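Dear colleague,

Please find below the structure that I am handing over to you. My notes on it follow.

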Amino acid sequence: MSLDDARTVYPILVRIAQDLAQAARDRRTAVWISYDDFCQRCKEVGVKETPRTIATKLLKPLQTVCLENNLPDLSALVIQKPKARSDFGNLLRPSDGWWEAYVNRGESTVGDVPFWFKQYQTARDYPEWPESPFF
């Protein structure tokens, strides 16, 4: 996989992490970033992907490079569009493919939302994200 487009959108994810962290510190409601939202932000910098391809073409390479460099997983910040659930409100989670790296490493199972949320918080609150891509 080429990391060129991932390098282009990396600053978007860093900005998202910083905005989400600030919202948490201010005890404001966070704005969840869906694949649709992320696609729109990517288009603004010239990277054209659809919600169907964004996970494999952008977020998977970013996840891989983050994990290889022992950094929090920036891809955890982007979720599937929340689905209305009559039993307990909106279901927030990444795509099923997001868990693959963690399943392969023996750290989680597919659909373990508490595990994902811990990764989300770690990426959101990481204070040392460089503005420029580290890869």
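Which residues does Leu-71 touch, not counting residues up to four places away in sequence? They are Cys-66, Tyr-126, Trp-129 and Phe-134, where contact means heavy atoms within 4.5 Å.

Please note that this is a predicted model, in which local features need pLDDT of at least 70, side-chain atom pairs count only at pLDDT 80 or more, and totals for chains, interfaces and linings use all residues. Residues are numbered from 1 along each chain as its sequence is written, and side-chain values use heavy atoms, with hydrogens and water left out.

Leu-71 sits in the loop between helix H3 (51-68) and strand S2 (78-79); helices (H or I, at least four residues) and strands (E, at least two) are DSSP runs, numbered from the N terminus.

Leaving aside residues up to four places away in sequence, Ser-95 touches Tyr-35, Ala-55 and Gln-80.

Turning to the helices, H1 (residues 4-25) packs against H3 at an angle of about 75°, with the axes 10 Å apart. H1 is therefore roughly perpendicular to H3 (65 to 115 degrees). Asp-5, Ala-6, Val-9, Tyr-10 and Leu-13 of H1 make the contact with Leu-58, Leu-59 and Leu-62 of H3.

With kind regards

Terms used: Axes are lines fitted to C-alpha atoms, for helices over the stretch in contact, and angles run from 0 to 180 degrees between N-to-C directions. Angles under 35 degrees count as roughly parallel, over 145 as roughly antiparallel, 65 to 115 as roughly perpendicular and the rest as oblique.
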